[in-house]
Amino acid sequence: MTAETETAAGGQAAPAGTGTISEIGRRRVRKEDTRLLTGQTNWTDNIRLPGMLHVAFLRSPYAHARISSVDVTAARGTVGVIAAFSGADFAAEQGSLPCAWPVTEDIVMPDHPPMAVDEVRYAGEIVACVVARDRYAAADALEAIDVDYGPLPPVLDMTAALEENSPKVHAAGNKSFEWAFSGGDLDAAFRDAPVVIERTFRQQRLIPSAMEPRAVVCAALGDEYTMWSSTQIPHVLRVMLALVTGIPEHQLRVIAPDVGGGFGSKLQVTAEEVLTLLLARRLGKPVKWAESRSEGNMAVHHGRDQLQRIKLAADRDGRLRGLSVDLLADMGAYLMLVTPGVPLLGAFMFNGIYKMDAYSFRCTGVFTTKVPTDAYRGAGRPEATFAIERIMDELANELGMDPLAVRERNWIRHEEFPFTTIAGLTYDSGNYEAATAKAREIFRYDELRKEQAERRAANSPVQLGLGTSTYTEMCGLAPSRILGQLAYGAGGWEHASVRMLPTGKVEVVTGSSAHGQGHETAWSQIVADRLGVPFEDVRVLHGDTQVSPKGMDTYGSRSLTVGGVAVAGACDKVIEKAKVIAAAMLEAAPDDLEWSPGRWSVRGDPDQGKTIAEISLATFAAHNLPDGIEPSLDSDATYDPDNFSFPHGTHLCAAEVDTETGQVMIRSYVAVDDVGTVVNPLIVDGQVHGGIAQGIGQALYEEAVYDSDGNLVTTTMADYLLPSAADLPVFQTGRTETPATSNPLGVKGVGEAGTIASTPAVVNAVIDALRPLGVRDVPMPCSPERVWRAIQLARLGRAPDSGDAPSAAPATPPASQAHDAEVNPAHDGEGGAR
Amino acid sequence: MIPAQFAYARPESVDEAVSVLAGSGDEAKVIAGGQSLVPLLRLRLAYPEMLVDVGGLDELRGVSDEGGALRIGALTTHYDLTRDPLVRAHCGLLAEAAGTVADPAVRHRGTLGGSLAHADPAGDLPAVIVALDATLTARGPGGERQIGAANFFADYLTTSLDPGEVLTGIRVPKLGPGWGYRYEKFHRSAQAWAIVGVAALARREDGHVAEARVGLTNMGPVPIRASATEEAVAGAAVDPGALREAAAHADEGSSPPSDLHGAADYRRHLARVLTARALTAALGE
């Protein structure tokens with residue numbers, strides 16, 4: 001699938017015989033893939049324990065209702081059922097699901113019981129459960145539970161929710177918080193500005209769709225509780241379970257077995273996890289819960305959902321003067337682990353790669369009766385990047401400039417790094433000129449512009465559009481000091497241990513928690529280079545709090561830039577310890593030794609040396625160690641980054657738009673990313689490919705849709721459309737490598753970059769194709785019907801912002817248009833099934 | 001899959017299947033490839049008390065040449081339809097449309113009979129067999145009967161099969177020389193159902209359209225023929241303007257649904273655009 005060009009020097013292994021091993025930069029096939037692809041592993045739902053019971057949850061069919069009564073008596077009498085409970089049964093012990101990011105001092109942070117007791121605030125909220133001998137009996141018995149609801153008005157639209165007379169989601173009101181910051185003199189920037197552009201963009205609500213749905217197993221053994229969960233955050237989960245339930249932390253063990261993707265959706269402490277733990281405690285038996293895709297769609301936290309009002313001031317020559325952003329961010333019904341912090345992660349990114357005189361940002365967190373939102377691949381940064389990259393195209397159009405030229409007019413030049421932006425972040429490194437030049441060349445930008453002109457001149461029914469996105473993002477979460485300043489409840493460090501086994505093999509324990517990223521391979525490459533041992537001799541352990549006791553887990557493109565650096569740091573400590581022992585073995589002074597990968601030797605006498613394997617064995621035997629030296633090479637490192645990581649790149653998209661049907665076809669897509677030093681180009685390509693696909697998903701396919709009663713309509717993959725390989729073009733990827741100066745490996749994050757970059761590139765391409773028809777925006781996802789309607793409206797002289805799109809239903813036809821028939825319910829089948 | 005409980009039978013002959021069905025009342029469902037029924041079971045949208053699995057009835061598999069027509073067994077999979085030389089030679093429209101159904105996994109398991117008996121108006125094959133003027137064969141306690149495709153689809157997800165009847169196959173008249181065809185499927189992603197589909201057959205003679213038949217997918221509760229277009233196009237010149245003009249009548253008499261993927265007016269528009277395209281392609285333009 002990949003047409004690739006690389007400038008990376010590290011694309012090849014070092015020539016044999018040079019005496020150095022260069023694993024970093026090698027296109028290693030992932031060592032975990034054999035096990036993952038052939039199913040030779042235990043996913044959480046494969047786990048079967050003796051006496052294990054199965055729990056099924058009854059979920060509210062109402063968006064908002066008071067619970068008058070819950071009667072589980074009949075369910076308890078059903079064959080195979082062991083127990084059934086309502087929220088009242090857990091009220092005394094279930095606590096409140098945690099939010100670790102109270103972004104302001106006066107934030108409204110409502111109580112969030114794992115099982116609703118008095119009131120439900122979104123369709124899908126848990127109101128009761130059945131525990132049975134098998135999952136069929138549990139599902140059957142749910143139907144016997146009788147819940148008496150008193151419906152309350154749903155709250156679905158953020159703008160309406162903030163009005164005085166709106167029904168309230170919580171007694172304290174629908175506004176959770178307001179958070180603002182600014183840099184420079186915005187009034188001066190806008191005063192007498194020759195060009196001011198104002199737009200409203202809507203970030204539709206998305207449903208994270210990890211390949212493996214969520215699952216939990218919990219067992220009580222003696223006074224210890226073990227939880228297996230398909231989670232991204234075993235360490236954070238352990239701490240939070242202790243805080244929520246009062247079970248002492250040292251009596252909790254959390255295991256994330258192999259996990260089939262998360263994209264942020266498993267960066268959460270879920271109601272199902274807490275309730276499964278409480279059930280295991282109450283019943284004294286292991287309990288399992290595994291969701292179906294449909295249950296997941298209405299219960300996993302959602303992503304995005306912002307209304308963005310953005311205003312840009314510029315000079316006639318395209319120079320940016322100022323930018324102001326006013327966001328409404330849909331929290332959903334409750335604040336979950338980092339819900340309020342997601343828009344803050346975007347707050348520093350609306351200025352993108354550009355210089356400007358002033359910037360102001362304001363965000364209002366709004367409660368609605370919908371599934372809570374939280375982190376979803378990119379978390380805040382895709383939203384910000386979309387807004388700035390879309391409006392840069394609008395500016396280019398307004399000024400009659402080429403979209404790349406207006407960007408170049410404003411971006412930070414490579415010789416200006418490190419550069420402190422108007423949002424106060426210091427970008428350590430980058431080369432936007434190089435990435436853009438390369439992308440332009442691979443894309444054949446000028447030829448495509450020529451073809452576009454021809455199609456326009458010929459009034460072709462299929463128009464061609466070119467979309468640009470020159471993004472950067474802040475990732476590698478994060479310097480603990482800055483997280484503290486932003487009121488986040490934890491730090492951003494990562495931990496690693498390196499254990500030298502007597503035979504010279506290496507065990508690496510990482511606090512990063514892989515769920516598909518390829519840590520085992522990448523960490524092995526780092527360790528192999530650092531210690532001079534074969535790649536195959538390294539084993540990476542992770543995801544079990546008993547094996548890996550310290551960690552901050554995996555999200556925010558942090559694993560390599562924080563966790564990988566910790567691994568390298570632990571290796572360095574091993575080498576230093578080995579030096580002292582090698583010196584004793586060689587009867588030399590430590591200062592007379594020199595390190596070459598894998599071996600300490602006497603300076604000037606390279607034949608006199610000991611390999612790390614020999615030193616490991618000698619340390620194990622411990623017969624002749626110097627006085628006061630402990631018999632261990634094993635070392636720990638905990639790394640707290642000084643700065644965020646700022647990958648960047650230029651993505652270019654060519655889209656053909658059928659103006660008769662509204663269908664968009666991506667004809668070519670070029671991504672030139674600069675993620676600093678590349679440890680494994682194959683893994684980086686995989687991240688970029690998947691990221692682009694996910695960003696295209698937001699641009700063209702995906703949307704969580706609620707009806708006017710607040711019911712989620714898109715509960716299956718027949719209605720919540722995800723693109724598959726069959727819908728996507730060949731991605732042409734290229735790279736430039738500008739090493740990060742903020743960490744010793746020179747690496748930058750890559751896990752979210754593709755998603756962040758691609759959405760605006762695609763939408764810009766769609767709009768570019770349609771500009772001659774008078775279209776200036778299409779709300780996401782740019783479905784064929786939306787595109788077609790935008791063309792029809794433009795022909796009538798109306799050109800709405802995407803912000804005009806209703807949030808409760810997509811693509812509403814004009815009111816005068818009678819519907820011929822009702823919604824077709826049979827297509828509630830799951831994906832691909834006919 | 002966590003369906004409600006059901007009984008299960010796997011008969012070894014069509015007659016046995018018929019008698020099991022007859023003994024099970026209204027609450028039995030026939031299952032073949034399971035590509036439509038299993039999702040409904042999984043979501044607990046269907047609660048059959050008995051599943052009669054006809055998957056073992058090899059007599060219902062395969063394609064045979066009956067001279068003027070092909071006989072295609074109900075258990076023939078979508079994948080087999082796309083590959084079968086007789087189908088490709090004599091009713092290529094069916095092979096082409098079967099190749100657009102869902103994804104490879106579904107096409108390997110899903111069957112022609114299952115797709116027709118499920119009678120989903122968004123399914124691709126119902127409109128195709130309506131355009132092909134096929135005849136369906138059903139066997140029940142009273143023996144075998146033939147049902148014209150136009151009469152087979154009674155309503156949304158409802159056919160004219162009696163509860164005790166098994167659909168055993170279809171008979172499709174061969175298309176003679178001069179016929180062209182095209183199935184224009186409009187969907188948002190490769191695996192998605194058709195928002196609208198147009199199954200067009202047309203015969204060309206001396207630069208004119210001798211005759212044309214157009215079936216529409218998802219333009220109402222049952223697949224329909226675009227009769228007004230068929231009438232308008234007969235005898236018309238094979239040129240883009242004339243075909244577009246005829247296609248402008250394609251949605252007449254339809255009653256398309258409004259759902260997440262398209263409102264009714266948009267579907268009507270698509271039916272007109274796609275019919276013009278399908279006819280143009282079928283006529284080799």
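# Questions on chains A and B

Reader: Is Arg735(A) buried or exposed, and what is its relative accessible area?

Author: This is a predicted model, in which local features need pLDDT of at least 70 and side-chain atom pairs count only at pLDDT 80 or more, while totals for chains, interfaces and linings use all residues. Residues are numbered from 1 along each chain as its sequence is written, chains are lettered from A and ligands numbered from 1 in the order written, and side-chain values use heavy atoms, with hydrogens and water left out. Buried means under 20% relative accessible area, exposed over 50%, and partly exposed in between (1.4 Å probe, protein chains only). Arg735(A) therefore counts as buried, its relative accessible area being 2%.

Reader: Which residue meets Arg735(A) in a salt bridge?

Author: A salt bridge is a side-chain nitrogen of Lys or Arg within 4 Å of a carboxyl oxygen of Asp or Glu, and here the N to O distance is 3.3 Å. The pair ties together parts that are 50 residues apart in sequence, since Arg735(A) lies in strand 29 (residues 731-735) and its partner in helix 19 of chain A; helices (H or I, at least four residues) and strands (E, at least two) are DSSP runs numbered from the N terminus. The partner is also buried, with a relative accessible area of 4%, and its name is Asp685(A).

Reader: How many residues apart in sequence are the parts that Arg281(A) and Glu93(A) tie together?

Author: The side chains of Arg281(A) and Glu93(A) meet in a salt bridge at 3.1 Å, N to O. Because Arg281(A) lies in helix 8 (residues 271-283) of chain A and Glu93(A) in the loop between helix 3 (87-90) and strand 5 (119-120), the parts tied together are apart in sequence by 188 residues.

Reader: How many residues does the second, separate core hold?

Author: Phe361(A), among the residues with the most contacts inside the largest core, is in contact (heavy atoms within 4.5 Å) with residues including Trp179(A) and Phe350(A), its neighbours within four places in sequence being left aside. The second core is separate and includes Phe153(B), Leu167(B), Met219(B) and Leu243(B), and its number of residues is 64.

Reader: How many salt bridges are there between chain A and chain B?

Author: The contact takes 48 residues from chain A and 49 residues from chain B. The area buried between them, meaning the accessible area (1.4 Å probe) that two parts lose on being put together, summed over both, is about 4,000 Å², of which carbon and sulfur atoms give 56%. Arg789(A) and Asp265(B) form one salt bridge, at 2.7 Å from N to O, and the count between the two chains is five.

How values were computed
Core = buried A, V, L, I, M, F, W, Y, C linked by side-chain atoms within 4.5 Å.
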